[in-house]
Amino acid sequence: MIIHHHLDDATLLAYASGTLDEALSVAAASHAAMCDECLSKIRTAEAIGGSVLEEIDETPMDAGALDALLERLDGPLPDNVIATGRSLPSHAIKSDLPLPLARHMDWPLDEVPWRKVAPGISVCDLPVSDQANGQLKLLKIAAGKALPEHGHGGTELTLILKGAYSDEFGRFAAGDAADHDVDAEHKPIVEPGEDCICVIATEAPTKFKGLVSRILQPIVGI
Ligand code: ZN
Ligand code: ZN
């Protein structure tokens with residue numbers, strides 16, 4: 001798999017330090033499970049974080065935090081990083097979904113119970129724990145469909161699982177992560193031939209522009 005779009009450095013660091021929200025962590029870990037480049041950056045950030053914490057041992061800190069970090073340095077990545085208590089469903093064993101995501105899905109990708117929210121647009125909310133601030137959902141956009149131009153009111157991380165779309169930032173296909181600045185606006189257009197399925201993690205509502213968009217916003221919630 002050739003990946004062209006990666007996690008932002010701020011996302012990598014937040015993930016490695018364990019401060020990234022759960023929903024965003026699932027998307028970040030899922031990308032890292034498909035991307036050696038981001039995985040090795042996370043490992044490096046964690047190793048540096050661990051040694052820094054060891055050096056500043058006179059600073060009062062939660063004893064559990066250091067243990068948790070050291071444990072993560074030893075364990076396999078990235079599947080163990082997210083302690084949401086969800087076990088791996090049986091369909092995940094044979095699926096080609098990244099395991100951090102498969103943990104949050106009760107069905108294989110071709111059996112997702114889609115909820116149609118607008119012509120050519122379906123969503124499916126994925127479970128996250130009560131501690132999560134953000135939302136995690138699957139989004140399916142029909143082949144050839146154009147989404148209205150919109151910005152993002154908060155942090156949003158999209159991982160493409162299937163199909164492809166293009167926008168102002170380039171072409172995004174399976175494995176690519178769209179990890180843009182909060183104020184970046186874009187107008188994604190899905191390529192013809194195949195529906196585009198992505199997983200989207202958000203921490204705040206998306207801001208659509210224009211009337212149609214404002215009507216779409218509460219329905220789609222992306
Ligand atoms: Zn990457
Ligand atoms: Zn968007």
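Biologist: Taking a salt bridge as a side-chain nitrogen of Lys or Arg within 4 Å of a carboxyl oxygen of Asp or Glu, how many salt bridges does the count come to?

Modeller: By this rule the count is five. Please note that this is a predicted model, in which local features need pLDDT of at least 70, side-chain atom pairs count only at pLDDT 80 or more, and totals for chains, interfaces and linings use all residues; side-chain values use heavy atoms, with hydrogens and water left out. Residues are numbered from 1 along each chain as its sequence is written, while chains are lettered from A and ligands numbered from 1 in the order in which they are written.

Biologist: Which residue meets Lys 41 in a salt bridge?

Modeller: Asp 9 does, with 3.9 Å from N to O. Lys 41 lies in helix 3 and Asp 9 in helix 1, so the pair ties together parts that are 32 residues apart in sequence. Helices (H or I, at least four residues) and strands (E, at least two) are DSSP runs, numbered from the N terminus.

Biologist: What does Asp 125 form with Arg 115?

Modeller: Asp 125 and Arg 115 form a salt bridge whose closest N and O atoms are 3.2 Å apart. Asp 125 belongs to strand 2 and Arg 115 to strand 1 (residues 115–118), so parts 10 residues apart in sequence are tied together. Both ends are partly exposed, Asp 125 at 43% and Arg 115 at 41%.

Biologist: Where in the chain are Arg 171 and Glu 191?

Modeller: Their side chains meet in a salt bridge of 2.5 Å, N to O. Arg 171 is in strand 7 and Glu 191 in the loop between strand 9 (189–190) and strand 10, 20 residues apart. Arg 171 is partly exposed at 46%, as is Glu 191 at 26%. Elsewhere, salt bridges that share partners join Arg 115, Asp 125 and Lys 137 into one network.

Biologist: Let us turn to the metal. Which residues coordinate the zinc ion (ligand 1)?

Modeller: The zinc ion (ligand 1) is held by His 6 (ND1), His 31 (NE2), Cys 35 (SG) and Cys 38 (SG), at 2.1 to 2.3 Å. Donors are N, O and S atoms within 2.8 Å of the metal (3.2 Å for Na, K and Ca); water is not among the atoms, so sites may look incomplete. The spacing of the donor residues in sequence is H-x24-H-x3-C-x2-C.

Biologist: What arrangement do the four donor atoms make?

Modeller: A tetrahedral one, because the donor atoms around the zinc ion (ligand 1) subtend angles of 94 to 124 degrees. Four donors count as tetrahedral if all angles lie between 85 and 135 degrees.

Biologist: And is His 31 buried or exposed?

Modeller: His 31 is buried at 0% relative accessible area, and Cys 38 is buried at 1%.

Biologist: Which residues touch the most other members of the largest nonpolar core?

Modeller: Among its 37 residues, these are Leu 101, Met 105, Leu 126, Leu 138, Leu 161 and Val 199. A nonpolar core is a set of buried Ala, Val, Leu, Ile, Met, Phe, Trp, Tyr and Cys residues joined through side-chain atoms within 4.5 Å. The elements giving two or more residues to this core include helix 1 (9–16), helix 2 (22–34), helix 3 (36–55) and strand 2 (121–126). Helix 2 supplies the largest share, seven residues. A second, separate core of 15 residues includes Ala 118, Ile 141, Val 190 and Ile 200.

Biologist: What is Leu 126 in contact with?

Modeller: Leaving aside neighbours within four places in sequence, its partners include Leu 101, Met 105, Trp 107, Leu 138 and Val 199. Contact means heavy atoms within 4.5 Å.

Biologist: In what order do the six strands of the open sheet run?

Modeller: The order is 1-2-3-10-5-8, with antiparallel pairing. Two strands pair if DSSP finds at least two bridges between them. Strand 1 and strand 8 (177–178) are the edge strands, each pairing on one side only. Strand 1 and strand 2 are joined over three bridges, and Lys 116 stands opposite Ser 122 in strand 2.

Biologist: How many residues lie between strand 6 and strand 7?

Modeller: Two residues lie between them, and the two strands form a hairpin. Four bridges join strand 6 (residues 164–167) to strand 7 (residues 170–173) in the antiparallel sense, with Ala 164 opposite Ala 173.

Terms used: Tetrahedral: all angles 85-135°; square planar, octahedral: opposite > 155°, others 65-115°. Buried < 20%, exposed > 50% of the residue type's maximum accessible area, 1.4 Å probe, protein only.
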